[in-house]
Amino acid sequence: MTDNSLRSVSIERTRTGHFTATNARGGTIVFGTGSGTGSDPEDATGFTPVELLLAAIGGCTAADVDVATARHAEPTEFTVMVSGEKISDELGNRMTDLTVTFTVRFPDGAPGDRARAILPRAVTASHERLCTVSRTVETGTPVTATVADV
């Protein structure tokens, strides 16, 4: 792997069931188990790792589609809904039936018409080859978990 291709985040436990992920540029996102058992409102409303996976899939493809369509017209509405079923079976805990649904509207006129015309192609291109996150999930990539020597 080259420095240009390596991606990483570090995750630090901040308290029971609460974590902060930090990227190489210093950005952070807080997440947790979503158990809702504590007095902190974030316990019930914070993102879980599964929700972050769904957000990553939707965010990746949304960025691809936005770049392709917004050069023609600024959308008046742009939402992406990502959902799936969490199951536990002989393969362990996992998500199935992942669905990404775009609701995008553009203004009337020629620029909006161009953006509407390329929207389906942009969604397909993102899904079939551009979105690193959903492509990784769909093609399946081994994950190696180790314990560092301390």
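Reader: How much space lies in the second largest pocket?
Author: The second largest pocket holds about 230 Å³ of space. A pocket here is an open set of points on a 1 Å grid over the protein atoms alone, where a 1.4 Å probe fits, with protein on both sides within 12 Å along at least five of seven lines; lining residues have an atom within 4 Å of a point. The volume is the space filled by probe spheres set on the points, which are joined across faces, edges and corners.

Reader: What kind of model is this?
Author: This is a predicted model, in which local features need pLDDT of at least 70 and side-chain atom pairs count only at pLDDT 80 or more, while totals for chains, interfaces and linings use all residues. Residues are numbered from 1 along each chain as its sequence is written, and side-chain values use heavy atoms, with hydrogens and water left out.

Reader: Which residues line that second largest pocket?
Author: The lining includes Ile57, Thr61, Leu98, Thr99, Val100 and Phe102. Val123, Ser126, His127, Ser134, Val137 and Glu138 also belong to the lining. The elements that give two or more residues to this lining are α2, β5 (92–105), α3 (110–130) and α4.

Reader: Which element gives the most?
Author: Strand β5 does, with four residues in the lining of the second largest pocket. By class, that lining has six nonpolar, five polar and one charged residues. Ala, Val, Leu, Ile, Met, Phe, Trp, Tyr, Cys and Pro count as nonpolar, Asp, Glu, Lys and Arg as charged, and the others, Gly among them, as polar.

Reader: Thr61 was in that list; is threonine 61 buried or exposed?
Author: Threonine 61 sits in helix α2. It counts as buried because its relative accessible area is 5%, where buried means under 20%, exposed over 50% and partly exposed in between (1.4 Å probe, protein chains only).

Reader: What does threonine 61 touch?
Author: Leaving aside residues up to four places away in sequence, threonine 61 touches Val100, Phe102, Ser126 and Cys131. Contact means heavy atoms within 4.5 Å.

Reader: Now the largest pocket; what is its volume?
Author: The largest pocket has a volume of about 1200 Å³. It is lined by 29 residues, and Arg7, Ser8, Val9, Ala56 and Val133 lie nearest its centre. Two or more lining residues come from each of β1, β2, β3, α2 (49–70) and α4 (132–139).

Reader: Which of those elements has the largest share?
Author: Helix α2 has the largest share of the lining of the largest pocket, with five residues. By class, this lining has 17 nonpolar, ten polar and two charged residues.

Reader: Let us change topic: in what order do the three strands form their sheet?
Author: The three strands form an open, antiparallel sheet in the order β1-β2-β3. At the edges are β1 (9–15) and β3 (28–32), each of which pairs on one side only. Two strands pair if DSSP finds at least two bridges between them.

Reader: How many bridges are there between β1 and β2?
Author: β1 and β2 pair in the antiparallel sense over six bridges, and valine 9 has asparagine 23 as its bridge partner in β2. Five bridges join β2 (residues 18–23) to β3, again antiparallel. Histidine 18 stands opposite glycine 32 in β3.

Reader: What lies between the strands in the hairpins?
Author: The hairpin of β1 and β2 has two residues between the strands, and glycine 17 there takes a positive phi near 75 degrees. In the hairpin of β2 and β3, with four residues between the strands, glycine 26 takes a positive phi near 95 degrees.

Reader: How many residues of β1 are buried?
Author: The count is zero among its seven residues, and β1 is hardly covered.

Reader: Is threonine 20 buried or exposed?
Author: Threonine 20, also in strand β2, counts as buried because its relative accessibility is 18%. Beyond four places in sequence, it touches residues including Ser10, Ile11, Thr28 and Phe31.
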